Amino acid sequence: MTERVYNFSAGPAVLPLPVLEKAQAELLALPGVGSSVMEISHRSKQFTAIIEKAEANFRKLLAIPENYQVLFLQGGAQMQFAMTAMNLLAGTGGSADYVVTGTWGKKAMGTAKTQGTVRAAFDASSTNFNRVPTADELELDPAAKYVHITSNETIQGVQFPSEPYFGDAPLICDCSSDLLSRPLPIDKYGIIYACAQKNIGPAGVTVVIIRDELVEASNDGLAPMLSYKEMAAAKSLYNTPPTFAIYMVQMVTDLLISEYGSLEAMEELGKKKSALLYDVIDASGGFYIGHAEKTSRSIMNVPFRMEDPEMDALFIKEAGEAGLTALKGHRSVGGMRASIYNAMSVEGVEALKQFMVDFQAKHG
Ligand SMILES: *Cc1c(COP(=O)(O)O)cnc(C)c1O
(Lines give C-alpha, C1' and ligand atoms only; values in the text may rest on other atoms or scores of the structure.)
Protein backbone atom coordinates (compact mmCIF):
# COMPACT_ATOMS: atom_id res chain seq x y z
CA MET A 1 0.00 0.00 0.00
CA THR A 2 1.47 3.37 -0.98
CA GLU A 3 -1.66 5.52 -0.67
CA ARG A 4 -1.96 7.31 2.65
CA VAL A 5 -5.15 6.46 4.55
CA TYR A 6 -7.03 8.58 7.07
CA ASN A 7 -5.29 7.36 10.22
CA PHE A 8 -7.20 7.86 13.47
CA SER A 9 -4.55 6.24 15.68
CA ALA A 10 -4.42 7.42 19.29
CA GLY A 11 -0.63 7.31 19.28
CA PRO A 12 1.84 7.22 17.76
CA ALA A 13 -0.44 9.22 15.56
CA VAL A 14 -0.69 10.95 12.21
CA LEU A 15 1.97 13.57 11.41
CA PRO A 16 1.56 16.50 9.01
CA LEU A 17 2.33 15.41 5.45
CA PRO A 18 4.54 18.44 4.65
CA VAL A 19 6.73 17.54 7.64
CA LEU A 20 7.08 13.92 6.51
CA GLU A 21 7.89 15.10 3.00
CA LYS A 22 10.52 17.53 4.25
CA ALA A 23 12.07 14.81 6.43
CA GLN A 24 12.11 12.52 3.41
CA ALA A 25 13.75 15.14 1.23
CA GLU A 26 16.38 15.85 3.89
CA LEU A 27 16.90 12.29 5.06
CA LEU A 28 20.19 11.70 3.29
CA ALA A 29 21.64 15.16 3.63
CA LEU A 30 20.50 18.09 5.71
CA PRO A 31 20.88 21.21 3.54
CA GLY A 32 24.29 22.73 4.04
CA VAL A 33 25.47 19.80 6.15
CA GLY A 34 25.76 16.89 3.75
CA SER A 35 24.81 14.31 6.37
CA SER A 36 21.51 13.14 7.80
CA VAL A 37 20.35 14.82 11.00
CA MET A 38 20.74 11.32 12.48
CA GLU A 39 24.44 11.32 11.66
CA ILE A 40 25.65 14.53 13.24
CA SER A 41 26.71 15.43 16.77
CA HIS A 42 24.06 16.59 19.18
CA ARG A 43 26.58 19.31 20.09
CA SER A 44 27.16 20.44 16.50
CA LYS A 45 26.13 23.94 15.54
CA GLN A 46 23.53 22.52 13.13
CA PHE A 47 21.78 20.47 15.79
CA THR A 48 22.09 23.30 18.31
CA ALA A 49 20.16 25.46 15.86
CA ILE A 50 17.46 22.77 15.58
CA ILE A 51 16.90 22.29 19.33
CA GLU A 52 17.01 26.05 19.95
CA LYS A 53 14.43 26.62 17.21
CA ALA A 54 12.19 23.91 18.65
CA GLU A 55 12.34 25.60 22.04
CA ALA A 56 11.73 29.05 20.54
CA ASN A 57 8.69 27.69 18.70
CA PHE A 58 7.20 26.32 21.93
CA ARG A 59 7.88 29.60 23.69
CA LYS A 60 6.19 31.51 20.91
CA LEU A 61 3.15 29.27 20.47
CA LEU A 62 2.41 28.90 24.18
CA ALA A 63 3.68 32.33 25.27
CA ILE A 64 5.91 30.64 27.84
CA PRO A 65 7.18 33.15 30.41
CA GLU A 66 10.92 33.68 31.04
CA ASN A 67 10.82 31.94 34.40
CA TYR A 68 9.96 28.59 32.82
CA GLN A 69 12.40 26.16 31.23
CA VAL A 70 11.57 24.02 28.22
CA LEU A 71 13.24 20.61 28.36
CA PHE A 72 13.35 17.82 25.78
CA LEU A 73 13.70 14.56 27.68
CA GLN A 74 13.31 10.85 26.99
CA GLY A 75 11.31 8.10 28.62
CA GLY A 76 7.87 9.26 27.50
CA ALA A 77 5.05 10.57 29.64
CA GLN A 78 5.38 7.65 32.00
CA MET A 79 8.93 8.67 32.87
CA GLN A 80 7.41 12.00 33.94
CA PHE A 81 4.94 10.10 36.14
CA ALA A 82 8.10 8.99 37.98
CA MET A 83 10.26 12.11 37.67
CA THR A 84 7.64 14.47 39.06
CA ALA A 85 7.31 12.32 42.17
CA MET A 86 11.04 11.58 42.51
CA ASN A 87 11.92 15.25 42.31
CA LEU A 88 9.10 16.83 44.27
CA LEU A 89 7.55 14.20 46.54
CA ALA A 90 10.05 11.51 47.53
CA GLY A 91 11.61 12.03 50.94
CA THR A 92 9.60 15.16 51.73
CA GLY A 93 7.31 13.39 54.20
CA GLY A 94 4.46 15.20 52.45
CA SER A 95 1.72 13.98 50.18
CA ALA A 96 0.62 14.73 46.60
CA ASP A 97 -2.92 15.07 45.25
CA TYR A 98 -4.03 13.33 42.05
CA VAL A 99 -7.16 14.26 40.12
CA VAL A 100 -7.99 10.95 38.49
CA THR A 101 -10.15 11.47 35.42
CA GLY A 102 -9.01 8.43 33.45
CA THR A 103 -6.56 5.61 32.88
CA TRP A 104 -3.49 7.83 32.57
CA GLY A 105 -4.15 9.84 35.70
CA LYS A 106 -4.65 6.61 37.60
CA LYS A 107 -1.37 5.26 36.30
CA ALA A 108 0.41 8.52 37.16
CA MET A 109 -0.84 8.20 40.73
CA GLY A 110 0.19 4.54 40.89
CA THR A 111 3.70 5.40 39.75
CA ALA A 112 4.02 8.27 42.24
CA LYS A 113 3.01 5.90 45.01
CA THR A 114 6.34 4.11 44.57
CA GLN A 115 8.00 7.37 45.66
CA GLY A 116 5.83 8.73 48.45
CA THR A 117 2.35 9.34 49.80
CA VAL A 118 -0.41 10.12 47.32
CA ARG A 119 -4.13 10.72 47.60
CA ALA A 120 -6.92 10.97 45.06
CA ALA A 121 -8.52 14.42 45.21
CA PHE A 122 -11.11 13.08 42.78
CA ASP A 123 -11.62 9.70 41.18
CA ALA A 124 -14.20 9.05 38.47
CA SER A 125 -13.54 5.32 38.18
CA SER A 126 -17.05 4.45 39.44
CA THR A 127 -18.52 5.90 36.22
CA ASN A 128 -15.72 4.48 34.04
CA PHE A 129 -14.09 7.91 33.80
CA ASN A 130 -16.68 9.78 31.80
CA ARG A 131 -16.21 13.29 33.17
CA VAL A 132 -14.01 15.88 34.85
CA PRO A 133 -14.88 17.05 38.37
CA THR A 134 -16.76 20.20 39.25
CA ALA A 135 -14.84 22.54 41.53
CA ASP A 136 -16.86 21.54 44.61
CA GLU A 137 -16.19 17.83 44.09
CA LEU A 138 -12.45 18.26 44.51
CA GLU A 139 -11.11 17.21 47.88
CA LEU A 140 -7.83 19.06 47.88
CA ASP A 141 -5.22 18.82 50.60
CA PRO A 142 -4.09 22.40 51.26
CA ALA A 143 -0.66 21.08 52.28
CA ALA A 144 -0.17 18.94 49.16
CA LYS A 145 3.30 19.08 47.58
CA TYR A 146 1.53 19.38 44.23
CA VAL A 147 -1.74 18.61 42.44
CA HIS A 148 -1.50 16.41 39.35
CA ILE A 149 -4.11 16.48 36.57
CA THR A 150 -4.43 14.99 33.10
CA SER A 151 -5.73 17.70 30.78
CA ASN A 152 -7.00 15.19 28.23
CA GLU A 153 -7.60 11.54 29.01
CA THR A 154 -6.69 9.96 25.71
CA ILE A 155 -8.47 6.66 26.30
CA GLN A 156 -11.76 7.98 27.71
CA GLY A 157 -11.91 11.17 25.62
CA VAL A 158 -12.39 13.31 28.72
CA GLN A 159 -10.85 16.78 28.68
CA PHE A 160 -10.85 19.73 31.04
CA PRO A 161 -12.53 22.54 29.09
CA SER A 162 -10.38 25.04 31.04
CA GLU A 163 -8.38 25.08 34.27
CA PRO A 164 -10.60 24.87 37.31
CA TYR A 165 -9.08 26.24 40.52
CA PHE A 166 -6.87 23.63 42.13
CA GLY A 167 -5.70 25.49 45.21
CA ASP A 168 -2.29 26.95 45.86
CA ALA A 169 -0.10 23.84 45.52
CA PRO A 170 1.90 23.69 42.28
CA LEU A 171 -0.22 22.30 39.46
CA ILE A 172 1.37 19.53 37.40
CA CYS A 173 -0.33 18.60 34.16
CA ASP A 174 0.06 15.62 31.87
CA CYS A 175 -0.77 17.28 28.54
CA SER A 176 0.42 14.38 26.41
CA SER A 177 -2.56 14.26 24.10
CA ASP A 178 -3.51 17.92 23.83
CA LEU A 179 -0.42 20.12 24.15
CA LEU A 180 -0.34 22.55 21.20
CA SER A 181 -4.03 22.03 20.48
CA ARG A 182 -5.06 25.17 22.38
CA PRO A 183 -3.57 28.12 24.28
CA LEU A 184 -2.76 27.52 27.95
CA PRO A 185 -2.27 30.01 30.79
CA ILE A 186 1.22 28.66 31.49
CA ASP A 187 1.65 30.69 34.68
CA LYS A 188 -1.12 28.67 36.35
CA TYR A 189 1.05 25.57 36.06
CA GLY A 190 4.20 24.44 37.82
CA ILE A 191 4.99 21.69 35.32
CA ILE A 192 3.42 20.74 32.01
CA TYR A 193 4.69 17.64 30.26
CA ALA A 194 3.79 15.80 27.10
CA CYS A 195 5.18 12.86 25.20
CA ALA A 196 5.43 13.83 21.55
CA GLN A 197 3.79 10.94 19.76
CA LYS A 198 0.19 12.16 19.99
CA ASN A 199 0.14 15.76 18.87
CA ILE A 200 3.71 17.00 18.57
CA GLY A 201 5.99 14.60 16.71
CA PRO A 202 7.30 11.04 16.75
CA ALA A 203 7.83 8.90 19.85
CA GLY A 204 11.12 9.34 21.66
CA VAL A 205 11.00 12.88 22.96
CA THR A 206 9.00 14.33 25.85
CA VAL A 207 8.52 18.05 26.33
CA VAL A 208 8.68 19.34 29.91
CA ILE A 209 7.80 22.96 30.68
CA ILE A 210 8.82 23.67 34.26
CA ARG A 211 8.86 26.76 36.45
CA ASP A 212 12.36 27.70 37.69
CA GLU A 213 11.17 27.58 41.30
CA LEU A 214 10.29 23.89 40.95
CA VAL A 215 13.62 23.07 39.37
CA GLU A 216 15.23 24.69 42.41
CA ALA A 217 12.90 22.90 44.83
CA SER A 218 13.65 19.51 43.26
CA ASN A 219 15.42 16.83 45.24
CA ASP A 220 19.20 16.63 45.14
CA GLY A 221 21.11 13.40 44.87
CA LEU A 222 19.06 11.79 42.11
CA ALA A 223 20.61 9.95 39.20
CA PRO A 224 21.32 12.77 36.73
CA MET A 225 19.01 11.42 34.02
CA LEU A 226 16.12 11.57 36.51
CA SER A 227 16.94 14.95 37.97
CA TYR A 228 15.22 18.13 36.80
CA LYS A 229 18.15 20.12 38.20
CA GLU A 230 20.71 18.21 36.15
CA MET A 231 18.66 18.09 32.96
CA ALA A 232 17.85 21.80 33.19
CA ALA A 233 21.47 22.73 33.94
CA ALA A 234 22.57 20.76 30.89
CA LYS A 235 19.82 22.34 28.72
CA SER A 236 18.49 18.87 27.81
CA LEU A 237 21.95 17.82 26.57
CA TYR A 238 23.17 15.88 29.59
CA ASN A 239 23.46 12.85 27.36
CA THR A 240 22.59 12.31 23.70
CA PRO A 241 19.01 13.49 23.23
CA PRO A 242 16.67 11.93 20.64
CA THR A 243 17.97 14.11 17.85
CA PHE A 244 15.75 12.90 15.03
CA ALA A 245 12.59 13.26 17.14
CA ILE A 246 13.58 16.80 18.16
CA TYR A 247 14.22 17.67 14.50
CA MET A 248 10.70 16.45 13.67
CA VAL A 249 9.20 18.45 16.54
CA GLN A 250 10.99 21.54 15.26
CA MET A 251 9.39 21.05 11.85
CA VAL A 252 5.93 20.33 13.26
CA THR A 253 6.04 23.51 15.33
CA ASP A 254 7.45 25.52 12.38
CA LEU A 255 4.45 24.38 10.35
CA LEU A 256 1.99 25.25 13.13
CA ILE A 257 3.37 28.77 13.18
CA SER A 258 3.50 29.24 9.41
CA GLU A 259 0.18 27.57 8.61
CA TYR A 260 -2.05 28.47 11.56
CA GLY A 261 -0.18 31.27 13.28
CA SER A 262 -1.58 30.68 16.74
CA LEU A 263 -3.01 28.08 19.07
CA GLU A 264 -6.28 30.02 19.14
CA ALA A 265 -6.66 29.09 15.47
CA MET A 266 -5.72 25.49 16.25
CA GLU A 267 -8.32 25.30 19.02
CA GLU A 268 -11.02 26.67 16.76
CA LEU A 269 -10.19 24.02 14.19
CA GLY A 270 -10.16 21.29 16.85
CA LYS A 271 -13.58 22.35 18.06
CA LYS A 272 -14.91 22.35 14.53
CA LYS A 273 -13.50 18.90 13.73
CA SER A 274 -14.73 17.28 16.93
CA ALA A 275 -18.18 18.86 16.56
CA LEU A 276 -18.55 17.12 13.18
CA LEU A 277 -18.38 13.76 14.98
CA TYR A 278 -20.22 14.65 18.18
CA ASP A 279 -23.08 16.05 16.07
CA VAL A 280 -23.47 12.70 14.30
CA ILE A 281 -23.44 10.88 17.64
CA ASP A 282 -26.02 13.24 19.12
CA ALA A 283 -28.27 13.11 16.05
CA SER A 284 -28.14 9.32 15.80
CA GLY A 285 -31.05 8.71 18.17
CA GLY A 286 -28.93 6.44 20.38
CA PHE A 287 -27.45 4.40 17.53
CA TYR A 288 -24.03 5.79 18.43
CA ILE A 289 -23.27 6.15 22.13
CA GLY A 290 -20.58 8.63 23.19
CA HIS A 291 -18.47 7.85 26.25
CA ALA A 292 -17.84 11.23 27.89
CA GLU A 293 -20.48 13.51 29.33
CA LYS A 294 -21.09 16.45 27.02
CA THR A 295 -19.36 19.08 29.16
CA SER A 296 -16.22 16.92 29.47
CA ARG A 297 -15.90 15.93 25.83
CA SER A 298 -12.44 15.96 24.31
CA ILE A 299 -11.68 17.78 21.08
CA MET A 300 -8.80 15.34 20.48
CA ASN A 301 -10.16 11.83 21.11
CA VAL A 302 -13.75 10.87 20.37
CA PRO A 303 -14.71 7.45 21.79
CA PHE A 304 -18.11 6.02 20.86
CA ARG A 305 -19.75 2.65 20.52
CA MET A 306 -22.98 0.94 19.54
CA GLU A 307 -25.25 -1.28 21.64
CA ASP A 308 -23.91 -4.44 20.06
CA PRO A 309 -20.12 -5.07 20.13
CA GLU A 310 -20.50 -7.11 16.95
CA MET A 311 -21.71 -3.97 15.20
CA ASP A 312 -18.64 -2.16 16.50
CA ALA A 313 -16.45 -4.84 14.95
CA LEU A 314 -18.34 -4.51 11.66
CA PHE A 315 -17.94 -0.72 11.77
CA ILE A 316 -14.18 -1.01 12.28
CA LYS A 317 -13.88 -3.55 9.48
CA GLU A 318 -15.91 -1.59 6.94
CA ALA A 319 -14.24 1.68 7.91
CA GLY A 320 -10.84 0.08 7.35
CA GLU A 321 -11.94 -1.02 3.89
CA ALA A 322 -12.96 2.57 3.20
CA GLY A 323 -9.49 3.88 4.14
CA LEU A 324 -10.42 5.03 7.67
CA THR A 325 -8.01 3.20 9.94
CA ALA A 326 -7.04 2.65 13.59
CA LEU A 327 -10.55 3.31 14.88
CA LYS A 328 -10.69 0.47 17.40
CA GLY A 329 -11.34 1.79 20.88
CA HIS A 330 -9.24 0.94 23.91
CA ARG A 331 -10.36 -2.34 25.50
CA SER A 332 -11.33 -0.58 28.74
CA VAL A 333 -13.93 1.53 26.91
CA GLY A 334 -14.70 -0.68 23.92
CA GLY A 335 -16.24 0.41 20.64
CA MET A 336 -14.44 2.97 18.52
CA ARG A 337 -12.15 5.89 19.18
CA ALA A 338 -11.39 8.55 16.60
CA SER A 339 -8.24 10.45 17.51
CA ILE A 340 -8.28 13.71 15.61
CA TYR A 341 -5.10 15.52 16.60
CA ASN A 342 -3.80 18.68 14.93
CA ALA A 343 -2.44 16.74 11.96
CA MET A 344 -5.79 15.08 11.11
CA SER A 345 -7.30 17.09 8.27
CA VAL A 346 -10.86 18.39 8.20
CA GLU A 347 -11.34 16.25 5.09
CA GLY A 348 -10.37 13.16 7.09
CA VAL A 349 -12.90 13.95 9.80
CA GLU A 350 -15.56 14.73 7.19
CA ALA A 351 -14.89 11.36 5.55
CA LEU A 352 -15.40 9.63 8.90
CA LYS A 353 -18.54 11.65 9.56
CA GLN A 354 -20.01 10.61 6.20
CA PHE A 355 -19.03 7.01 6.86
CA MET A 356 -20.86 7.10 10.21
CA VAL A 357 -23.99 8.54 8.62
CA ASP A 358 -23.91 5.94 5.82
CA PHE A 359 -23.22 3.10 8.24
CA GLN A 360 -26.27 4.00 10.29
CA ALA A 361 -28.42 4.31 7.16
CA LYS A 362 -27.28 0.86 6.08
CA HIS A 363 -27.36 -0.99 9.39
CA GLY A 364 -29.48 1.16 11.70
C1 LIG B 1 0.02 8.28 25.65
C2 LIG B 1 -0.15 8.90 26.98
C3 LIG B 1 0.69 8.58 28.06
C4 LIG B 1 1.79 7.56 27.95
O5 LIG B 1 2.85 8.02 27.18
P6 LIG B 1 4.20 7.21 27.04
O7 LIG B 1 5.06 8.16 26.24
O8 LIG B 1 3.90 5.94 26.31
O9 LIG B 1 4.75 6.98 28.40
C10 LIG B 1 0.48 9.22 29.25
N11 LIG B 1 -0.49 10.14 29.41
C12 LIG B 1 -1.32 10.47 28.41
C13 LIG B 1 -2.39 11.50 28.63
C14 LIG B 1 -1.17 9.86 27.16
O15 LIG B 1 -2.00 10.19 26.15
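Which helix gives the most to the lining of the largest pocket? Select α7 (243-260): α7 supplies 5 residues of that lining. Before going on, note that this is a predicted model, where local features need pLDDT of at least 70, side-chain atom pairs count only at pLDDT 80 or more, and totals for chains, interfaces and linings use all residues. Residues are numbered from 1 along each chain as its sequence is written, and side-chain values use heavy atoms, with hydrogens and water left out.

Stay with the largest pocket, whose volume is about 520 Å³. Next, pick Pro16, Leu17, Ala343, Met344 and Ser345, the closest to its centre among 26 lining residues. Colour domain 1 (26-260) and domain 2 (262-363) separately: both give residues to the lining, so the pocket lies between them. (Domain bounds come from an automatic or database domain assignment.)

Now for the ligand. (Helices are DSSP runs of H or I, at least four residues, numbered from the N terminus.)

Zoom in on the polar contacts (pairs of N or O atoms within 3.5 Å). The side chain of Lys198 puts an N or O atom 2.5 Å from a ligand oxygen, and the side chain of Asp174 has one 2.6 Å from a ligand nitrogen. At Ala77, select the backbone: an N or O atom there lies 3.1 Å from a ligand oxygen.

Conventions
Polar contact = N/O pair within 3.5 Å; in protein donor to acceptor, adjacent residues only side chain to side chain. 1 Å grid on protein atoms, 1.4 Å probe; cavity = no way out; pocket = protein on both sides within 12 Å on 5 of 7 lines; lining within 4 Å. Points joined across faces, edges and corners; volume = space filled by probe spheres on them. Helix = DSSP H or I, 4+ residues; strand = E, 2+ residues; numbered from the N terminus.
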